[in-house]
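I opened this notebook to keep track of what I looked up. The entries follow the order in which I went through the structure.

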Amino acid sequence: MVMKRCDSGHYFDADKHSSCPSCGVANLHIQPTVAAGRTAYAAPARPDLDSPTVARGQAKPAFIERDPGATVGVVRKKMGIDPVVGWLVCIEGPEKGRDYRIRSERNFVGRDPKMDICIGGDDAISRDNHAVISFNPKKNSYLLTPGEGRGIIYLNEDEVATPTELKAFDTIEMGQTKLLFVPFCGEQFKWA
């Protein structure tokens with residue numbers, strides 16, 4: 001063990017650390033954690049704030065897609081965010097107990113992490129576009145549409161071959177997974 005002294009007077013094990021762990025790494029600004037496929041918007045520099053963290057009462061940075069040329073949904077364009085409009089809750093299958101957010105407009109369902117709704121634990125679900133769940137913000141309505149995958153989708157035990165309207169607490173089956181549909185937007189509430 002080789003002990004080294006930093007400029008601040010701290011001693012540290014040079015075999016374990018390349019710099020003083022007590023001092024930390026100078027000029028290291030760690031961005032907030034964001035969902036896969038997104039990156040944090042770089043907020044304008046604020047000379048009055050030494051810390052990269054957001055102060056209490058300040059707005060958190062908005063999120064933008066990594067690809068600046070990506071298509072943006074109408075609701076997201078108007079509001080600046082892509083709000084949740086409902087959920088799927090896994091009631092049977094490998095991911096039992098997990099919930100999945102449904103956003104405005106089209107939500108692609110599959111096993112791949114790049115899908116809007118990723119059900120990664122069920123290998124009987126197609127990797128890409130097994131199904132599409134869409135929310136129409138003009139009509140406050142939801143549709144379940146079969147995707148391009150090989151597997152059949154069931155809505156309340158009936159096969160879905162064409163776009164079919166979803167109602168509160170419908171059950172959707174795909175692969176070995178059974179999901180309960182829980183709407184947020186509808187007659188009682190809608191995003192302005």
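Entry on a strand pair. I looked up strand β9, residues 131-136, and found that it pairs with strand β10, residues 141-146, in the antiparallel sense over 6 bridges. Within this pair I noted I133, which stands opposite L144 in β10. I am working from a predicted model.

Entry on the sheet around that pair. I then asked in what order the strands of this open sheet run. I found 5 strands in the order β8-β7-β9-β10-β13, with mixed pairing. β8 (117-118) and β13 (164-166) stand at the edges; each has a single partner strand, so one side of each is left without a neighbour in the sheet. I reminded myself that strands of a sheet pair through backbone hydrogen bonds, either parallel or antiparallel.

Entry on another open sheet. I read off 6 strands in the order β6-β5-β15-β14-β11-β12, and here the pairing is antiparallel. At the edges I found β6 (99-103) and β12 (158-159), each with a single partner strand, so one side of each lacks a neighbour in the sheet. I checked how β12 is joined: strand β11, residues 153-155, pairs with β12 in the antiparallel sense over 2 bridges. In that pair Y154 stands opposite E159 in β12.

Entry on V182. I located V182 in strand β15, residues 177-183. Leaving out residues up to four places away in sequence, I listed its contacts as G86, W87, V89 and F169. I also looked up L166, which is 16 residues from V182 along the chain; their C-alpha atoms are separated by 9.6 Å.

Entry on salt bridges. How many salt bridges does the structure hold? I counted 3.

I took R98 and E95 to begin with; they form a salt bridge in which the closest N and O atoms are 3.2 Å apart. R98 counts as partly exposed, at 42% relative accessibility, whereas E95 is buried, with a relative accessible area of 16%.

I went on to E157 and K178, whose salt bridge has its closest N and O atoms 3.7 Å apart. This pair links distant parts of the chain, 21 residues apart: E157 lies in the loop between β11 and β12, and K178 lies in strand β15. I noted E157 as exposed, with a relative accessible area of 53%, and K178 as buried, at 16% relative accessibility.

I also looked up E165 and K167, which form a salt bridge with the closest N and O atoms 3.1 Å apart. E165 is partly exposed, with a relative accessible area of 42%. K167 counts as partly exposed too, at 47% relative accessibility.

Entry on the surface. I looked for a nonpolar patch and found one formed by M79, I81, F184, F189 and W191, with about 410 Å² of accessible area together. I81 is partly exposed, with a relative accessible area of 47%.

Definitions and conventions:
Residues numbered from 1 in each chain as written. Predicted model: local features only at pLDDT ≥ 70, side-chain atom pairs only at ≥ 80, totals over all residues. Heavy atoms only, no water. Pairing = 2+ DSSP bridges. Helix = DSSP H or I, 4+ residues; strand = E, 2+ residues; numbered from the N terminus. Contact = heavy atoms within 4.5 Å. Patch = residues over 30% accessible without salt bridge, like charges linked within 9 Å, V, L, I, M, F, W, Y side chains within 5 Å. Areas by Shrake-Rupley, 256 points an atom, 1.4 Å probe, with all protein chains shown as cover. Salt bridge = Lys/Arg side-chain N within 4 Å of Asp/Glu carboxyl O. Buried < 20%, exposed > 50% of the residue type's maximum accessible area, 1.4 Å probe, protein only.
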